[in-house]
Amino acid sequence: MALLQIESLEMISGLIAGSLRLATGALARWHGCGPELRQRIYFANHTSNLDGPILWASLPTPLRMKTRMVAAHDYWSVGKLRPWLAQRVFRAVLIERKKPTAECNPLDTMLQAMGEDHSLIIFPEGGRQTGPEPQPFKAGLFHLAKRRPEIELVPVWMENLNRILPKGEILPAPLLGSLVFGTPIRLEEGETKPDFLERARHSVICLRGICA
Amino acid sequence: MNLDRELTWLIAGVVGLLIVASFITRILLKRARTEGARATLENVAARTRAWWGMVIIFTLAILIGKTGTTLLFGLLSFMALREFITLTPTRPGDHRTLFWVFFVITPLHYWYVLDEWYGMYSIFIPVYAFLFVPMRSALSGDCEHFLERTSKIQWGLLICVYCVSHAPALLALDLKNYAGENAKLLFWFVIIVEISDVLQYVWGKTCGRHKIAPSVSPNKTWEGLVGGGLCTIAIGAASWQVTPYSPLQAAGMSALIVLTGFLGGLVMSAIKRDRGVKDWGHAIAGHGGVMDRLDSLCFAAPVVFHITRYGFDSHAILQKF
């Protein structure tokens with residue numbers, strides 16, 4: 001019975017991933033790396049609530065099964081549908097972004113979620129932006145890179161999703177989105193936090209030109 | 001739609017053409033020596049495969065009847081508009097306008113087409129949607145590039161929805177000695193539009209020398225236009241029996257389709273070039289986006305529709321002039 005439930009959930013999540021790709025026409029381009037089954041952290045610019053689900057949906061199924069998006073607890077725990085999607089379908093890692101305490105430190109939650117074989121999707125700007133340029137990154141990515149130096153950090157540029165579902169809107173406009181996966185980066189020996197975060201931000205921004 | 005003998009012949013002819021095309025591409029691909037020739041032929045092979053898909057979908061829609069066909073064109077309009085607006089920079093202030101455009105105006109327009117309400121679908125987008133779009137955008141309070149943004153949305157609606165919808169509207173025309181046979185006219189029209197595109201491409205690729213508008217589209221040559229155009233006119237005239245036209249009229253209509261289709265392709269290329277892209281999207285493998293296949297049809301459909309309506313209607317509207 002439990003097995004059956006897991007299988008049907010897998011089917012539902014595959015179905016949802018497929019419809020997300022169809023609805024947004026999302027075209028994923030693997031520019032700087034291939035879709036390999038290895039532990040990675042995908043980090044991207046953040047402009048829409050669709051970003052996480054779309055990035056997740058764009059991964060090939062074997063990768064998708066092993067990839068969890070990190071999302072805000074305050075958004076994904078409202079109502080009935082969002083918690084179901086977050087927990088059952090996306091298997092999101094919900095973190096407290098407002099006031100991290102010693103007991104619920106987002107970093108520990110993320111590290112625990114990764115374990116030995118899971119990848120993460122994170123949006124290091126800390127929230128959805130409305131400006132044309134990505135905002136400076138929060139420190140989380142740096143700490144993750146420091147604690148797990150062997151993991152590939154893959155920059156991703158997400159194009160047009162803010163036009164499909166902008167911040168503050170409920171109804172979507174059916175435009176076409178696209179994503180570019182860039183060349184993985186790692187924390188260099190002796191690199192400072194601000195330097196690394198700025199380099200990471202630039203690795204995302206410079207993928208924009210490839211999108212056009 | 002009743003599958004009479006002429007429609008069967010039309011379908012069989014197209015399928016035959018595709019079989020021949022697939023066969024020739026395969027042989028040429030085996031013989032290809034240079035890398036460049038290979039790449040071109042791979043693209044031709046991908047295009048031919050996509051043609052199979054498109055022909056099958058279109059034939060099924062025609063066989064299902066008017067509702068199926070109108071629905072198919074509605075879907076194509078939706079996809080084309082999606083590609084058009086994606087490449088057009090709009091601002092957050094247009095978001096709700098776009099929601100209306102995609103989910104209310106477009107379906108409503110096709111509903112009027114399906115309902116055969118000529119008086120309504122002829123003015124719904126040029127008048128009512130034209131006025132609605134700026135009104136809705138103004139309400140959201142963003143003045144930057146207002147006229148530019150508004151015009152682009154209106155233009156997209158006119159080209160992708162209004163113009164395209166004149167193709168399925170052919171089904172509702174009441175033509176002299178042609179009652180119940182309109183599906184053949186639509187089939188013929190779409191085939192001639194696309195054959196004109198294909199033949200101009202083939203002629204241009206094989207013996208194109210003199211470019212017509214190199215800054216807009218380096219692929220369009222005089223040799224392609226004349227060679228492909230004449231072949232298309234010959235095919236159009238030869239298949240006059242399936243149309244409501246005489247052989248000469250069918251030739252003339254084909255010439256009109258070649259010309260409007262060519263110029264339409266040129267216009268849409270100019271927009272693509274301005275936006276710095278080669279294709280409208282990636283919906284059809286080998287072809288690019290939906291709009292890359294629909295561009296000629298957009299410009300040919302309204303002209304063919306109205307000339308047919310005025311010239312061949314059973315109520316002989318011409319006599320009123």
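## Exercises on a two-chain model

Buried residues (20 or more other C-beta atoms, placed from the backbone, within 10 Å of their own) make up 41% of the 212 residues in chain A. This is a predicted model, in which local features need pLDDT of at least 70, side-chain atom pairs count only at pLDDT 80 or more, and totals for chains, interfaces and linings use all residues. Residues are numbered from 1 along each chain as its sequence is written, while chains are lettered from A and ligands numbered from 1 in the order in which they are written.

**Exercise 1.** Find which radius of gyration chain A has, and what a compact globule would have.

*Solution.* Start with the rule: 2.2 Å times the number of residues to the power 0.38, with the radius taken over C-alpha atoms. Next, look at the spans: the C-alpha trace of chain A covers about 50 × 40 × 35 Å along its principal axes.

**Exercise 2.** Work out how α1(B) and α2(B) are oriented to each other.

*Solution.* First locate the helices (DSSP runs of H or I, at least four residues, numbered from the N terminus): in chain B, α1 covers residues 5-31 and α2 residues 35-64. Their axes (lines fitted to C-alpha atoms over the stretch in contact, with angles from 0 to 180 degrees between N-to-C directions) come within 10 Å and cross at roughly 160 degrees. Angles over 145 degrees count as roughly antiparallel, so α1(B) and α2(B) are roughly antiparallel to each other. Finally, pick out partners in contact (C-beta atoms, placed from the backbone, within 7 Å): among them are B:Leu18 of α1(B) and B:Trp51 of α2(B).

Conventions: Helix = DSSP H or I, 4+ residues; strand = E, 2+ residues; numbered from the N terminus. Parallel < 35°, antiparallel > 145°, perpendicular 65-115°, else oblique. Contact = placed C-beta atoms within 7 Å. Buried ≥ 20, exposed ≤ 12 C-beta atoms within 10 Å, placed from the backbone.
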